[in-house]
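Reader: Could you take a close look at the aromatic side chains for me, please?

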Amino acid sequence: MKTINFKQPQTFKPQTLTHSYIAIEGNIGAGKTSLVSLLGKKWAARTLFETFENNPFLADFYKNQQKNAFPLEMFFLAERYKQLTAFGAGQHTLFENQLVSDYQILKSQIFASFTLENHEFELFKRFYEAIEKQVALPGMVIYIHREVPFLLKQIARRGRGYESYISPQYLEKVELGYIQ
């Protein structure tokens, strides 16, 4: 895996990238959506942003994770699948632009691996494995690492009420999920 330090000037250009689908990943509040917006404009690429506002389980999940984890993760899996297949992620022709997204389908399994109980995760994996083969995986994943204090400041700054329940421990679990 190649690590890119964005503090240093970068020399690569989209024309030199051979990947038609690039996913930006990282913890909650890391800046994925902002980076996708910038890269989309800079590279004249199609952009795909995760829709989370319509998840009816999200606010309740942050209040009581154990009770609401399974419906939350199943809803996200269904939405990510629907969005990625409708958008044609990974389908590229000579006349189409590159796609840059602020998530990939693997995000569902990463989050479910630490939010769900073992028996729930086993059921979740059955659904995940059934649909994973139908969704293109990105040719490149860029991971944004941010320290937990920075993430908490970003989360507070954007002011989404339901995110006020996010604990430093939860953000550490997310980071560990990506590392694993």
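Which residues form one aromatic cluster?

Author: Happy to! This is a predicted model, in which local features need pLDDT of at least 70, side-chain atom pairs count only at pLDDT 80 or more, and totals for chains, interfaces and linings use all residues. Residues are numbered from 1 along each chain as its sequence is written, and side-chain values use heavy atoms, with hydrogens and water left out.

The cluster is formed by Phe 61, Tyr 62, Phe 111, Phe 114, Tyr 143, Tyr 162, Tyr 170 and Tyr 178. Here, rings of Phe, Tyr and Trp (its six-membered ring) pair if their centres lie within 6.5 Å; planes under 30 degrees apart count as stacked, over 60 as edge-to-face and the rest as tilted. By this rule there are 11 aromatic pairs. One of them is Tyr 62 with Tyr 162, a stacked pair at 6.2 Å centre to centre with 10 degrees between the planes. Tyr 62 sits in helix α2 (residues 58-63) and Tyr 162 in the loop between α6 (148-158) and α7 (168-179), so this pair ties together parts 100 residues apart in sequence. Helices (H or I, at least four residues) and strands (E, at least two) are DSSP runs, numbered from the N terminus. Tyr 62 is buried at 9% relative accessibility, while Tyr 162 is partly exposed at 21%. Buried means under 20% relative accessible area, exposed over 50%, and partly exposed in between (1.4 Å probe, protein chains only).

Phe 124 and Tyr 128 are stacked too, because their ring centres are 6.4 Å apart and their planes at 20 degrees. Both are buried, and they lie four residues apart in helix α5 (residues 118-132), separated by about one helical turn.
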